[in-house]
Structure formats: structure tokens, C-alpha cells
Amino acid sequence: MTATQGNLAGLSRYIFRSPSWYSSAVFAIGVGAVTGVAAFDSAFVLEDIWQGIFFVGLPTIVAGLLTATIDRALGGNLTPDRSTLLALTAELVVVSVLLVAGAVAVFTEFGQRLVFDALLVALAAIFGLRLLVIMALSTRSAILAAVPASVQTGTAAILLFVYSGVMTYFDVGGPLAHRVLARPGEAPAELARHVVPMDFALLAVMCVLHGAAVWGFLAVVDVPWRRSLGVSIFDFLRGFIGHLAEGTHELETFFEQIGEEALVPVTVFSARRADGSEKARFVLPMLHPGPMGDIGGGSLPTRLARDAEGLGFPPHATAGHDFNLVTEREVETVTSAVRDVANDIEYASRGTRSARVTTGEATLTGQRVGDGALLVGTFSPGCTDDVLYSVGLTARTAAAGAGLEDVLLVDAHNCNDGLTGSDLGHVVPGSQRSFDLIDGAERLGEELASADLAPVELGVAWDETPWEPRDGIGPLGVRVAVFEVDGQRTAYVLIDGNNMEPGLRDRIVTAIDAVDRAEVMTTDTHVVNTVEAENQVGGNLQDDDLLALIEDLVAEAIADTEPVDVGMATETVEVTVFGNDRTETLASHANVVVSMGAPLAAAVLVGVLSVSVLLFFLASSLP
């Protein structure tokens, strides 16, 4: 990925899974109880606790329980866990404002009136906060989102109205209405002294101001997205947070809106035993296994490997993020195509010894298998990330044009120095590295096409490993295939990870002394990137442990060696992918929103609060 895409992926560290609604509710009650002890001064501590729970915690509980229900009834998708967490966050905002106002009131002449004025401002502010979150994550319409957003502020306002005795200012209703809606005797005396009807009018006006400010802020932020991509940033935001925090697949709906149709080659290289059963299968659709987790094609390597009859090897293709599948459903399209290709393979018993060529920075290792060839390209010790689709397609064509019927060209994806800097090593059309890869593929293709053929033997081994995605290793673990042709052994090591720390590939190749030649590849699985944006093989585990495991697997594969028939075939499949430059455009826009959104939001907040203070001064000057 590029630095821009890396910055976007890095935002995942700020996303967390919402706690259960009852955990947030219990915490809200606890906060209310503590606030009651600190704020109220009755004769008994238990009464202070009860008043804190009632006046501070109750609006939170009501909002937590009702917000998601109301939002879903209006077409939103807010979950109870998110709803209760949002209510708890709003409660903490109110409590913080009250504590600051209380401290100021103690040391100034403003007194308790300042505390109640601050409470009104806080209630309006949390309405704006809740409206912002609900519009961004659930309901797009400001009018509809305002209904669930107002629950917490409305509940608190009702409690203030009833227990301050404001009802006594009005000559409406009978004795029953006054008994129900006017209970100043059951609340702290400060409520009756400082809360007046004008306060509720001010609260309503401030809520309208906050609502208008939120709507304007979101509209401004959304304009670039709609102009450039034709979609809303909030569709992306809902899906992004939903996937990382809740494990949902909402993000795929967004990707479908920006996706484009593409034709991609799907190449399968299979080796079968004498009894006809498949021993190993290398599968290479020219797609990128992203964008993250199991969203889109994120699970592609795992699905390809587990769909194979023999031991599956799904290395990284020459394709970047523009060739991410938009939905997980597209993976089934690819696996179905793989099955069709596998059925069309014509097998032969002969292949060639492996060969290696170096052109500029590109090193290619490969060998002919039947009428096709397996080629693996690396730029190690130079640091690179993805080889773009057009470069890989040209290199593949150059290799096949030397006299091979088919070519499976792998991007080894085995040396990168992370997400720092502006140049992350993408092999792009027109670069020196692209010509190095194309020229090297052509040279290796010519050498293999004219090499002598001999019977092929193959041994495989696999270990799921004790490591997990947080260690940089995905569920496919480490897989090894050892080819023996004419007395020469060649090992291909596939690690289920996303690139490798610089120098690790060379250490592994040097350490494998049981074979004549070796190459190391990664699948570029993006399962490991739900943990952190940069999580390469070797970054969070000991190199020596990985080396020891690979050496054991190579020995196991050598012991497993037996004669096989080999063959390769390719078909083209139509799938929906992100499309040209869409990934970079998406990442760029998201990063701009992050960098500019906070200052803009701060400016809007300061403006709204300033107007709120002005309203209080104007109200106090009225007769």
C-alpha cells in the first residue's frame, strides 16, 4: 500500500469493539452515584447516591435503551451496544462540564446559577454530539437522526421540568397535573431556586443551533467525496467502524458503489500423484487480497488454499489495491473459476531444473512444469510493495512469448521497510524496476523454454504455526514445496503474511542448505492488518524461531518427495474490483477529512458555544 493508504489503515488503531450495552449501563449508574455524592448535600450519603443515579444516570439508561430502538424504527442501524456507549459518553461530557462549572462557582461570585447554566449548555452539546454520531454512523437524514439524538437531552429536560417545579409557573391543568408534573420537594432545593421556564426555551434554541452546526459540518465534509467518488463519506465511515468494531460487512456495500468490472487471469498449477489424487496446487488469480480482514478479497488466500484438493499454495499476484475484490461474494466467483481451470489442466510427467536470473534489481527464480512455468520475482534486498497489474501482465506475457504455453508469475512480496516515506517501493509502469522485472521474466522464460526436461518429483509440508495475526502470521501458517528434477532440489516457501522485514528473506534463503535453491514468498494476507496497519513477517516474532520451523518443514517436504504429474492452465474471469486509482482517491479523501475535520469541528464548536453564551447574556437582560 502507499503511504496515503497506510495512513488510512493506521486509523484502525483508534477503533475498538463497543462494550456490551449492560456493561456501559452499569458504568453509567456508577458514574451517576459518584456524581451524586460529589454534587448533592443531603443528610444521608445513600440519598446523595440515589439522587445522582436518578438525575444523572437515569437519562443515560433511558437513552441507552431507547436510542437504538428508535433509530432502527426510522431506518437506521445503530446497535444497542453502540447506543449505550454513546449515552455513557454523553453522560461523561455532562459530568465533566458540571465539575468544571462547580469548581468555578466555588471560587467566584457566580454561584450555583453558573452550574445550572452550564448544565443547559452541556445538554445542548450532547444533543449535537449524539446527532453527529447518529448521522455519521446510522441515519443519514438530519431530521430523522434528531429524534433518537434528542432522547438523552429530552429525558434530562423532563426531569428538570418536573423536579424544579416549573409547572407552578403555569396556570394550566388541574391538581392532578400539578401533583404529577411538579415535585420540587423531592429534589435538591437548588433546582427550584435556579431553574425557570426561560431555561427550557434557551435549551431548545441551543439544541437547534447545535443541530444546524452539525448538519453544516457534515455537509461540508461530505462535498469532496460526492464530487470525486459519487458516494458519501458516511457510508464509508459506517462500514469502516462497523467492520473493525463490530465485525460487520457494511463496508462491502460502500465498495460495491465505487467498484468497476475487470477481467483478470486465473492461473492454476497442479501436481498429482500416480493414483490421480492432487498433491499440491498453486493458485494465482491476478487480484489483491484486500482491503482488510475478511472484507472483499481479504480472505482470498485462505479460501483458495482450503478449496484445493491437495495442499494449497496461494502466493501473491502482481496486482495492487485497485484490484481488491469489492465483496466477499466475489471470492466465490474466483474459486468457481479456479475449479473450472483445474479441470482443464493437461498433465505431463516432466519438467526442468530451476533457474535464476537477475536483471537490475529484479531476481526471478522458476522452473518449467509441463508446458508451463512457475516464476517467482523479488527485488530483495531492495524494499518493494506491490507490483502493479499492468507491469505483471506485461512481464508474464514476455516470459510466455519465449516459448512457454503458460506462466504463473508470483510477486514474492518478501522485503519492505514499512509505511514510512513517500516511496514505498511500488513497481509502477515506466519505472526502472518494471523494466527489470519484464526483462528478467523474458530472459528466464527463454532459458526454461530451451532447458532439458526430466521427471518431476515433489514433496510438501505445512505447519499452522503457534503464531497468530498479531504476530504477523495468518491462518495458513507456513507451507513448503520441494521440487526435485534431475538431481536438483528447489524449495518454495510460502508464509501467510503481508510482506517481510528487510533482510529476513535473504537469511531464510541462506539458512536452507538442504536444497540447491530456495525462494520465500508471502500471501499478502490482510488478516494481519486488522491488528495494525504495518505488521510484516518478522516484525513481531523471533527470526530464529521462524528459521527453525522452515528448516524442519523443508526436511519434512524432502522426506515426502515422490514422482508427480504436473500441469498448468489459465482462464479469464470477470469480477468487480475497486478500479483504477479508486483506492488512492479514497485514502486521500479520508486522510484529508481526518487532518482537516478536527480543526473545522473545533471552530464550529467554539462558534456555537459563543452564540450560546451570548444567548444567556441576552436572556438575563430581559425584564
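1. A crossover counts as right-handed if, with the strands pointing away from the viewer, the path from the first strand over the helix to the second runs clockwise. By that convention β9, helix α15 (residues 389-400) and β10 form a right-handed β-α-β unit. The model is a predicted one.

2. Overall, the protein has 19 helices and 16 strands. Of its 623 residues, 55% count as buried. Among contacts with a separation of 6 or more, 78% are between residues 24 or more positions apart. The accessible surface is about 25,400 Å², and carbon and sulfur atoms contribute 59% of that.

3. Strand β9 (residues 372-378) deserves a look. Seven of its seven residues are buried, so the strand is largely enclosed by the rest of the structure. In a regular strand the side chains alternate between the two faces of the sheet. Here Gly372, Leu374, Val376 and Thr378 point one way, while Ala373, Leu375 and Gly377 point the other way, and all are buried.

4. The pairing of β9 is as follows. Strand β8 (residues 362-369) runs antiparallel to β9 and is joined to it by seven bridges; Leu364 has Gly377 as its bridge partner. Two residues separate the strands of this hairpin, and Gly370 has a positive phi near 70 degrees. Strand β10 (residues 406-411) runs parallel to β9, with six bridges between them, and Leu408 of β10 stands opposite Leu374.

5. The loop between β9 and α15 contains Pro381. The peptide bond joining Ser380 and Pro381 is cis, with omega about 10 degrees.

6. Helix α10 (residues 197-228) has 32 residues, which at 1.5 Å a residue should span 46 Å; its end C-alpha atoms lie 49 Å apart, which agrees. There is a kink of about 35 degrees at Asp222, shortly before Pro224. Gly230, which follows the helix, has a positive phi near 75 degrees.

7. Most residues other than glycine have a negative phi, and most peptide bonds are trans. Asp486, however, has a positive phi of about 55 degrees, and Asp524 has one of about 65 degrees. Asp486 is in the loop between β12 (478-485) and β13 (488-495), and Asp524 is in the loop between β14 (517-522) and α18 (543-559).

8. Are these two aspartates buried or exposed? Asp486 counts as exposed because its relative accessibility is 54%, over the 50% cut-off. Asp524, at 1% relative accessibility, counts as buried.

Key. Residues numbered from 1 in each chain as written. Predicted model: local features only at pLDDT ≥ 70, side-chain atom pairs only at ≥ 80, totals over all residues. Heavy atoms only, no water. Buried < 20%, exposed > 50% of the residue type's maximum accessible area, 1.4 Å probe, protein only. Helix = DSSP H or I, 4+ residues; strand = E, 2+ residues; numbered from the N terminus. Pairing = 2+ DSSP bridges. Expected span 1.5 Å × (residues − 1). Bend = angle between axes of the 7 residues up to and from the residue. Contact = heavy atoms within 4.5 Å. Areas by Shrake-Rupley, 256 points an atom, 1.4 Å probe, with all protein chains shown as cover.
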